[in-house]
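Q: Please show me the model and take me through how its features are read.

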Number of protein chains: 2
Amino acid sequence: MDALTINEAARTTGWSPRMLRYIERAGLLELSRSAGGYRLYGPAQLQRLRTLRELLARFGFGLAELGFARRLRSEPELRRALDDWFETEPARPEFIAPDDWLRWEQEKHQALIAAATHANQLEAV
Amino acid sequence: MDALTINEAARTTGWSPRMLRYIERAGLLELSRSAGGYRLYGPAQLQRLRTLRELLARFGFGLAELGFARRLRSEPELRRALDDWFETEPARPEFIAPDDWLRWEQEKHQALIAAATHANQLEAV
DNA sequence: CCAACCTTGACATGGCCGTGGTAAGGTACC
DNA sequence: GGTACCTTACCACGGCCATGTCAAGGTTGG
């Protein structure tokens, strides 16, 4: 057979056998199996594993994030919800003209009016 | 401005004051501050916080994932790299005759390069 | 000036992630 | 048929996420 078993694959990809199993279980790589159940790594899988290593190292994220990225592509509703969220990004709580908010919000709370007037000067974190 | 302080905001959004500070520090919400440094929550922030709660509950992910989703929108290179990764999703190798492996690999690689090139063109701004 | 509220910082905890190890048992192949 | 390799399952551990809580000190507004 032209496919490598897990320890050989580990040697040529830089992952540990333990992690190769983990990656498969995380649903990030599909493998075929020998009749006896051995994992078989073909060239495509090996390349994918090497690419994966490079990805994680280069951008500094983990397998969990990769899994979430996949959810994003496979669940349009999730994607839409997050797009909405980010597109609603509010500009800093701005200065609404004092007269406006005063008119319709006055009755609910006693205002911290003075505070709001100076709020925009702050940039501290 | 009709801005609430942190405990008031906590009461009306369902988050704890602790989490409101955490969310701000995680970069997921921008706030203004009073002259003395108090966090001020306006209507936009309050709504955003409620939406955030609903999002996490509905889709079952966490603030970390939200942060990663934001990386995806703000780092086109990361996005492109992950798109490439997922688009290269390999078919199970077991149904491919050994003789076909090489050709299959080459085609996949061509597709990858084409995709990357296309992405680059689209992004040349 | 004072009570109530806010700030940052630190310590604590439970849970999941990434990773290693080990044990008990099946497979490959010479 | 024996040796080397594979399988799954479980225990462990350090790290980070999401939270809570507490302490020491500053802000707010009557």
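**Reading the model**

A: From the N terminus on, chain A runs α-α-β-β-α-α-α-α-α, with 7 helices and 2 strands. Helices (H or I, at least four residues) and strands (E, at least two) are DSSP runs, numbered from the N terminus. This is a predicted model, in which local features need pLDDT of at least 70 and side-chain atom pairs count only at pLDDT 80 or more, while totals for chains, interfaces and linings use all residues. Residues are numbered from 1 along each chain as its sequence is written, and chains are lettered from A and ligands numbered from 1 in the order in which they are written.

Q: What percentage of the residues in chain A is buried?
A: A residue is buried if 20 or more other C-beta atoms lie within 10 Å of its own, exposed if 12 or fewer, and partly exposed in between, with C-beta atoms placed from the backbone. In chain A, 17% of the 125 residues are buried.

Q: Which residues make up the largest nonpolar core?
A: A nonpolar core is a set of buried Ala, Val, Leu, Ile, Met, Phe, Trp, Tyr and Cys residues joined through C-beta atoms within 7 Å. The largest has 11 residues: Leu66(A), Phe68(A), Ala69(A), Leu78(A), Leu82(A), Leu66(B), Phe68(B), Ala69(B), Leu72(B), Leu78(B) and Leu82(B). At least two residues each come from helix 4 (63-74) and helix 5 (76-87) of chain A and from helix 4 (63-74) and helix 5 (76-87) of chain B. Helix 4 of chain B gives the most, 4 residues. A second, separate core of 8 residues includes Ala3(B), Leu20(B), Leu40(B) and Tyr41(B).

Q: Which residues of chain A does Ala69(B) touch?
A: Two residues are in contact if their C-beta atoms, placed from the backbone, lie within 7 Å. Not counting residues up to four places away in sequence, Ala69(B) touches Leu72(A) and Leu82(A).

Q: Where do the buried residues of helix 4 of chain B lie around the helix?
A: The buried residues of this helix are Glu65(B), Leu66(B), Phe68(B), Ala69(B) and Leu72(B). Seen down the axis of helix 4 of chain B, they fall within an arc of 160 degrees, so they line one face of the helix. The arc is that of the directions from the helix axis to the C-beta atoms. Their cover includes helix 4 and helix 5 of chain A together with helix 5 of chain B.

Q: Which residues are closest to DNA strand D?
A: A residue is near a molecule or strand if its C-beta atom, placed from the backbone, lies within 6 Å of it. DNA strand D is surrounded by 23 residues, the closest being Thr5(A), Arg39(A), Ser16(B), Gly36(B) and Gly62(B). Two or more residues come from each of helix 1 (6-13) and helix 7 (113-118) of chain A, and helix 2 (17-25) and helix 4 of chain B.

Q: Which residues come nearest to DNA strand C?
A: Of the 20 residues around DNA strand C, the nearest are Ser16(A), Gly36(A), Gly62(A), Thr5(B) and Asn7(B).

Q: Why does Trp15(A) count as partly exposed?
A: Trp15(A) has 19 C-beta neighbours inside 10 Å, so it counts as partly exposed. Trp15(A) sits in the loop between helix 1 and helix 2 of chain A. Leaving aside neighbours within four places in sequence, Trp15(A) is in contact with Ala10(A), Leu20(A), Leu49(A) and Arg53(A).
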